[in-house]
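The following paragraphs lead the reader through one protein model. Please keep the sequence and the coordinates in view while reading.

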Amino acid sequence: LQPVSSNKPRKKKKKKKTKKSQSPQHHLRLQQAQLLMLNIDSLLERIEDTNGLSQRSQGGIIADSRPLLYVEHRNLNPENELKRYFGARAVLGDQRPRQRQRPYIRSTWLTAPKNTWPRYSKTGIAMQLVDTRRGVQHFTFEHHREYQQVQFKFLDAVESMDPNNLVLLLQMNPYHVDSLLQLSDVCRMQEDQEMARDLVERALYSLECSFHPVFSLTSGTCRLDYRRPENRAFFLALFKHLMFLEKRGCPRTALEFCKLILSLDPENDPLCMLLLIDFLSLRAREYSFLTRIFQEWESHRNLSQLPNFAFSVPLAYFFQSQQEEAETELSQARERAAQLIQLALIMFPSVLMPLLDHCSVQPDARVSSHPFFGLNAQISQSPALNQLTSLYVGRTHSLWKDPAVMAWLETNVHEVLRIVDARDPLVEEAEHKRKMRYQSAPRNIYRHIILSEMKEATAALPLEVTSQPMMGFDPLPPLDSIVSYTRPERTQQPSNESTLSLFFRSLLPNFNLQGDIRHDGDEEAGAGQDLNQGVNRLMAAMRDMLANIQFQEPPRDDNPDGDGDWD
């Protein structure tokens, strides 16, 4: 009765009697629902903002109770992160937050489908549940027969080295995943970043539409085997999308995608996401997550033996010490940061000088003249270790430019020199570890360096990696691949081919002077016309090349003063 009596003045203002008895209850339900949503949002924010040092607090216990690689759907949308930075009005503009999509566009989590995309229909990709072991579900993508035929045409288009063939293939099959990824690389090389990003998002949309009903992005218990070629497109599409998000200024969303990729195969880590997750955690200011993964995985993954974790974790503790309000937690974070950065400098002394060089910082005379951090430290390290250190310095040097960080680093560098001069056994032990380990890098590290396109690291790749052909849709495939179907062999041409035919075949692999016909039953009626068009394009290109050849005459000495004009 109290709410009714308290709302009597409000009732008098309303004209309709039918709403008098319903309005108080309706308002109370709305208020309760709003309070409940506010409490949930504030609770989620407290969970996300808790630091690793406050694990004993109630918020810290709730945060740590979730799985390490837990993925949240709302963090997969870059618009949510941009709204937090710039506001909803700056991100959405005058458009409505919820635009009504066309009826044939499905709502997905990984990407936001666009109305400009072609109409989606079943592409011939399906996901199957292979088995379930110890609460972990293993899935795999499968290609149906019609999709396999498109895949064979895609391989022919790649061998032709003509991007126009990929465009023609996508006009007939607008959601063929490998064609979208390969053409995205072509657009990115031509500096068309918007189109390259759109093609990757369309590939993710195509793959998500074929998910198994039980497959979950957020549980962290769903696995995909990278050894199967059908599964690799999903890994690569997620990685390329992640890189676009990071360049777009959405490190929190990129970190969530990084966790997703790592959760698909955390044991083997085919794309070596452990070399990237520390950088994204620091950029997104998720220091508690970085320190937590280091604490939980150090015992069985030896994360401290990776240069990126050896340097990024103490940097995360230092940033935490700048944020802590309690004096005890602040001192603990500083002590932990100093201890770990000194161990990192002793274990990987070759990182310091390139890092200072990238930050445009000149070290003092004691550091620059000391042999421990000198040129010998970089020359004596193995090529595999050089690739890891070059990758870390090239990727994360911007995080070390803060004057407070440099002052903290300088203090610990001088402390390390004191330990080295005292001939501490720890220094000799670290040198022995560097010589025994890092003999050769595993294949997933090479794959990560190739996909990252970090020039400092790609320059250090060995010749056996750079000499083999690299395909953007499948870089460095595993040596123990599980192949479910193979490409049919082409019929060999008779050995009486003329020299002219061999010449044209070397320039255009699909060219055939005698006009042979494939007997595979799936040949299109316009194959001969496409062949003639390919020959005409080749001849036109040769005519343009010969017409543009000009021989420059040597300069004349008749007019040494240079008053005349050059023709």
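Is Y205 buried or exposed? Y205 is buried, its relative accessible area being 2%; here buried means under 20% relative accessible area, exposed means over 50%, and partly exposed lies in between (1.4 Å probe, protein chains only). The model is a predicted one, in which local features need pLDDT of at least 70 and side-chain atom pairs count only at pLDDT 80 or more, whereas totals for chains, interfaces and linings use all residues. Residues are numbered from 1 along each chain as its sequence is written, and side-chain values use heavy atoms, with hydrogens and water left out.

The overall composition comes next. The protein has 27 helices and three strands, where helices (H or I, at least four residues) and strands (E, at least two) are DSSP runs numbered from the N terminus. Of its 567 residues, 46% count as buried. Contact means heavy atoms within 4.5 Å; among contacts between residues at least 6 apart in sequence, 70% join residues at least 24 apart. The accessible surface is about 32900 Å², and carbon and sulfur atoms account for 52% of this area, as computed by the Shrake-Rupley method with a 1.4 Å probe, with only the protein chains shown counting as cover for residues.

The three strands form an open sheet with mixed pairing, in the order β1-β2-β3. Its edge strands are β1 (125-133) and β3 (222-224), each of which pairs on one side only. From one strand to the next, the twist averages 35°. Two strands pair if DSSP finds at least two bridges between them; β2 (residues 136-143) is joined to β3 by three bridges, and these two strands run parallel. Opposite H138 stands R223 of β3. Helix α11 (residues 229-248) lies across β2 and β3 and runs at about 105° to β2; axes are lines fitted to C-alpha atoms, for helices over the stretch in contact, and angles run from 0 to 180 degrees between N-to-C directions.

Aromatic side chains provide a further theme. Rings of Phe, Tyr and Trp (its six-membered ring) pair if their centres lie within 6.5 Å; planes under 30 degrees apart count as stacked, over 60 as edge-to-face and the rest as tilted. By this rule there are 21 aromatic pairs. One of them is the edge-to-face pair of Y85 and F86, with 6.2 Å from centre to centre and 85° between the planes. Y85 is partly exposed at 44% relative accessible area, while F86, at 60%, is exposed.

The ring of Y205 also takes part in a pair. The centres of the W117 and Y205 rings are 5.6 Å apart and the planes stand at 55°, so this pair is tilted. It links distant parts of the chain, since W117 is in the loop between α6 (88-92) and β1 and Y205 is in helix α10 (residues 193-208), 88 residues apart. W117 is buried, with 4% relative accessibility. Elsewhere, one aromatic cluster is formed by Y287, F311, F318, F319, Y392, W400 and W408.

Charged groups also meet rings. A charge sits over a ring if NZ of Lys or CZ of Arg is within 6 Å of the ring centre and within 35 degrees of the ring normal. R202 lies over the face of Y175, 6.0 Å from the ring centre, and the charged end of R232 sits over the ring of Y226 at 5.8 Å from its centre.

Finally, T253 belongs to helix α12 (residues 251-264). T253 is buried, with a relative accessible area of 1%. Leaving aside residues up to four places away in sequence, T253 touches N75, L76, N77, P78, E81 and L245.
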